[in-house]
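Hello,

I am handing over the structure we talked about, and you will find it just below. Please have a look at it first, then read on for what turned up.

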Amino acid sequence: GDSVTQMEGPVTLSEEAFLTINCTYTATGYPSLFWYVQYPGEGLQLLLKATKADDKGSNKGFEATYRKETTSFHLEKGSVQVSDSAVYFCALKVGNEKLTFGTGTRLTIIP
Amino acid sequence: EAGVAQSPRYKIIEKRQSVAFWCNPISGHATLYWYQQILGQGPKLLIQFQNNGVVDDSQLPKDRFSAERLKGVDSTLKIQPAKLEDSAVYLCASSLGTGKGETQYFGPGTRLLVL
């Protein structure tokens, strides 16, 4: 079946550090890929997405590129802020089927 | 635009009791989802509605869980009787449709603790 494997957390970084959260996937079809973020006490919010190979999704300084050859969709940000502290979920969707989520990566940014 | 609304935000019950959660999706969204998120895991789809019809309930424990969306707008999810392993956050989400790149919008969730 379809699955998403995320970098295990928690991840702790200093403010202005470079961030990478790894995500790889296995899918029976040609998926769309998503990153969702969950801030403390809030629901999941879409951070960015990509629907075909080599597409780059970007939002709020975060980027991720759909790499079909490595089945990956790693999340990156050049300079993190304290306000980026949250749980990040990688997810995939094949056609009209359900979203399949990874286990989430908790990120804490210290000033 | 108002987001997805859920109530209650928190619920504590004893095992074998029943509980119900309510969700009001974003206006005009035809598709509604209920997810279960156990601590330390990603959300898992329980049931998906398209208008008031069920599209996918393959992972819904039907012996104890039920859900309805009678008028194709708001929805309720019920657990009867609850078990300890049902302790989780129950997330409701909605989307305009079900296309490949369709964005799902999530509510704040209901945190359930079964004692």
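Is the disulfide of B:Cys23 and B:Cys92 left-handed or right-handed? The torsion about its S-S bond is about -70°, so this disulfide is left-handed.

Some background: this is a predicted model, where local features need pLDDT of at least 70 and side-chain atom pairs count only at pLDDT 80 or more, while totals for chains, interfaces and linings use all residues. Residues are numbered from 1 along each chain as its sequence is written, chains are lettered from A and ligands numbered from 1 in the order in which they are written, and side-chain values use heavy atoms, leaving out hydrogens and water.

Back to the disulfides (pairs of cysteine sulfur atoms within 2.5 Å): there are two over all chains. In chain B, the sulfur atoms of B:Cys23 and B:Cys92 are 1.9 Å apart. B:Cys23 lies in strand 3 and B:Cys92 in strand 9, so the pair ties together parts 69 residues apart in sequence. (Strands are DSSP runs of E, at least two residues, and helices are runs of H or I, at least four, numbered from the N terminus.) B:Cys23 counts as buried at 0% relative accessibility; buried means under 20% relative accessible area, exposed over 50%, partly exposed in between, with a 1.4 Å probe and protein chains only.

In chain A, a disulfide joins A:Cys23 to A:Cys90, S to S 2.0 Å. Both A:Cys23 and A:Cys90 are buried.

Happy exploring!
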